[in-house]
Amino acid sequence: IPRGDRAEAAEQASVVGGLGIHCFMFGETKKGIVKIVANICMGLGGILALIDFIKILMDKYVVDPEKFF
C-alpha cells in the first residue's frame, strides 16, 4: 500500500472499519461483503477492523481481491 493510501486506509479502518469500507476502497469486494455479514451476524466487525488497522499501520496489509481474508 503506498504511504498516502496507507494513511487514508488506516483512517477508514479506524472510523468505519467494522463495515469493511476500507476493503471496498482497495477493490476487495468479497472481503468487504464478508466483513459486513460478519458484523451483522456475529458482531465481529470491530475486531476485524482493529486487526486490519494494525496490519495497515505495520505495512503488513496485502491487497488481494481474490482472497476472503
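Biologist: Is C23 buried or exposed?

Modeller: In general, a residue is called buried under 20% relative accessible area, exposed over 50%, and partly exposed in between, with a 1.4 Å probe and protein chains only. Here C23 counts as buried because its relative accessibility is 0%, whereas C41, with a relative accessible area of 59%, is exposed. Please keep in mind that this is a predicted model, in which local features need pLDDT of at least 70 and side-chain atom pairs count only at pLDDT 80 or more, while totals for chains, interfaces and linings use all residues. Residues are numbered from 1 along each chain as its sequence is written, and side-chain values use heavy atoms, with hydrogens and water left out.

Biologist: How many disulfides does the structure hold?

Modeller: A disulfide is a covalent bond between the sulfur atoms of two cysteines, and the criterion applied is a pair of cysteine sulfur atoms within 2.5 Å. The structure holds zero disulfides; C23 is in none, the nearest cysteine sulfur being that of C41, 17 Å away. Seen from C41, the closest cysteine sulfur is in C23, and 17 Å is too far for a bond.

Biologist: Which elements make up the protein chain, going from the N terminus on?

Modeller: Helices (H or I, at least four residues) and strands (E, at least two) are DSSP runs, numbered from the N terminus. The protein chain has four helices and zero strands, so that its elements read α-α-α-α from the N terminus on.

Biologist: How does one check the length of a helix, for instance α4?

Modeller: The expected span is 1.5 Å times one less than the number of residues in the helix. For α4 (residues 45-57), with its 13 residues, this gives 18 Å, and the end C-alpha atoms are 18 Å apart, which agrees. After α4 comes D59, whose phi is positive, near 60°.

Biologist: Which residues of α4 are buried?

Modeller: They are G45, L48, A49, D52 and I56.

Biologist: With what is H22 in contact, beyond its neighbours within four places in sequence?

Modeller: Contact means heavy atoms within 4.5 Å. H22 is found in helix α2 (residues 21-25) and counts as buried, because its relative accessibility is 0%. Leaving aside those sequence neighbours, H22 is in contact with A9, Q12, A13, G17, K35, D52, I56 and Y61.

Biologist: Where does E11 lie, and how far is its C-alpha atom from that of I56?

Modeller: E11 is in helix α1 (residues 3-16) and is exposed, with a relative accessible area of 51%. Although E11 and I56 are 45 residues apart along the chain, their C-alpha atoms are separated by 9.8 Å.

Biologist: What does the radius of gyration say about the protein chain?

Modeller: This radius is taken over C-alpha atoms, and the globule rule is 2.2 Å times the number of residues to the power 0.38. With 69 residues, a compact globule would have a radius near 11 Å, and the protein chain has 11 Å, which agrees. Among contacts between residues at least 6 apart in sequence, 58% join residues at least 24 apart, and buried residues make up 30% of the 69 residues.
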